[in-house]
Amino acid sequence: MSANEPPGARPGAVFEALADPTRREVVRRLAQGGPATATELAGDLPVTRQAVAKHLATLAEAGLVTSDRQGRETRFSFTPQPLADAVTWMADVGSQWDDRLQALSQYLETGEPRPKRRKPGFDTDR
Amino acid sequence: MTGQRVEDGNAAPTPGAVRRSVMLPAPVEAVWAAVTEAGHLSAWLGGEVELDPFPGGQIVVREDGRLRRGVVVDVEPLRRLEIQWLPASRRIGFLWGPDDEPAGAGGALEFQLEPKGDGTLLIVIERPPAAHPAGRPSALAVA
């Protein structure tokens, strides 16, 4: 069982996992209330234990929860790092595009190509 | 394997997608050239770019000793270019994204162009790496 994903590996998986309101609620419950079993979580939420188990599996794949089995009981905990990494990914990519689009705008305006320019290889006419 | 698309404001965007739009002081033909011709791309994208701007064509970006590789997923001349970045592979030394991003990441990039008066509205959408490493089993089984 690999509950320990490399940090930042899959920001998309984190965002997709948190796009679902029930999973957000599970995360909120674990973040605020501490570790819990699937049965306990199902008691707090308007969904079946089976549904909670599926949501927990999705959250675990995104690295947002880890599980700890003791005897017959498995407790789930919230792990915040992948969320922080995903938010950082968004911020970094956003600022990279801000820089690139500014460079593009200037390039189109001044028409000054940098060195290494090659011959266009694609006909842009319709 | 077609990437999910944002149908310009209608469909729900991919969660976590970064979207930027900018009005550019150039006609759509010039902007299309700037996003599809390797020489132009190399002038502003950052790094040295190779691009075969047809569906299935490859894009290679070399920057600071790093290599990103992707495949052109869809092309609609003068309107849209969509690229799927290939997952980084440590085995052959490709990395895409921040320096410390581990292997297994991919992501996608889409340009949308729209003529507006004398200029062009360019929309850029970068979707986050989503797929987990192929063949990886579910992370846990709930007893």
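With a relative accessibility of 0%, B:E110 counts as buried. Keep in mind that this is a predicted model. Here's a quick tour of that glutamate in chain B, then of a three-stranded open sheet in chain A and of A:L18, a residue in helix 1 of chain A.

**Around B:E110**
- You'll find B:E110 in strand 6 of chain B, which covers residues 108–116.
- Its side chain has a polar contact with the side chain of B:R80, at 2.8 Å.
- The side chain of B:R127 also makes a polar contact with that of B:E110, this one at 3.1 Å.

**The chain A sheet**
- The sheet is open, its three strands come in the order 1-3-2, and the pairing is antiparallel.
- Strand 1 (36–37) and strand 2 (65–70) of chain A sit at the edges, each pairing on one side only.
- Strand 2 and strand 3 (residues 73–78) of chain A run antiparallel and are joined by six bridges.
- Across from A:D68 you'll see A:R75, which belongs to strand 3 of chain A.
- Helix 2 (residues 21–33) of chain A packs on this sheet and touches strand 1, strand 2 and strand 3 of chain A. The direction of helix 2 makes about 90° with that of strand 3 of chain A.

**Around A:L18**
- A:L18 lies in helix 1 of chain A, residues 11–18.
- A:L18 has a relative accessible area of 17%, so it counts as buried, the cut-off being under 20%.
- Leaving out residues up to four places away in sequence, A:L18 touches A:R24, A:V27, A:L59, A:L64 and A:L83.
- A:L18 and A:L64 are 46 residues apart along the chain, with their C-alpha atoms separated by 9.4 Å.

Technical notes
Residues are numbered from 1 along each chain as its sequence is written. Chains are lettered from A and ligands numbered from 1 in the order in which they are written. This is a predicted model: local features need pLDDT of at least 70, side-chain atom pairs count only at pLDDT 80 or more; totals for chains, interfaces and linings use all residues. Side-chain values use heavy atoms; hydrogens and water are left out. Helices (H or I, at least four residues) and strands (E, at least two) are DSSP runs, numbered from the N terminus. Buried means under 20% relative accessible area, exposed over 50%, partly exposed in between (1.4 Å probe, protein chains only). A polar contact is a pair of N or O atoms within 3.5 Å; within protein, one must be able to donate a hydrogen and the other to accept it, and residues adjacent in sequence count only if both atoms are side-chain atoms. Two strands pair if DSSP finds at least two bridges between them. Contact means heavy atoms within 4.5 Å. Axes are lines fitted to C-alpha atoms, for helices over the stretch in contact, and angles run from 0 to 180 degrees between N-to-C directions.
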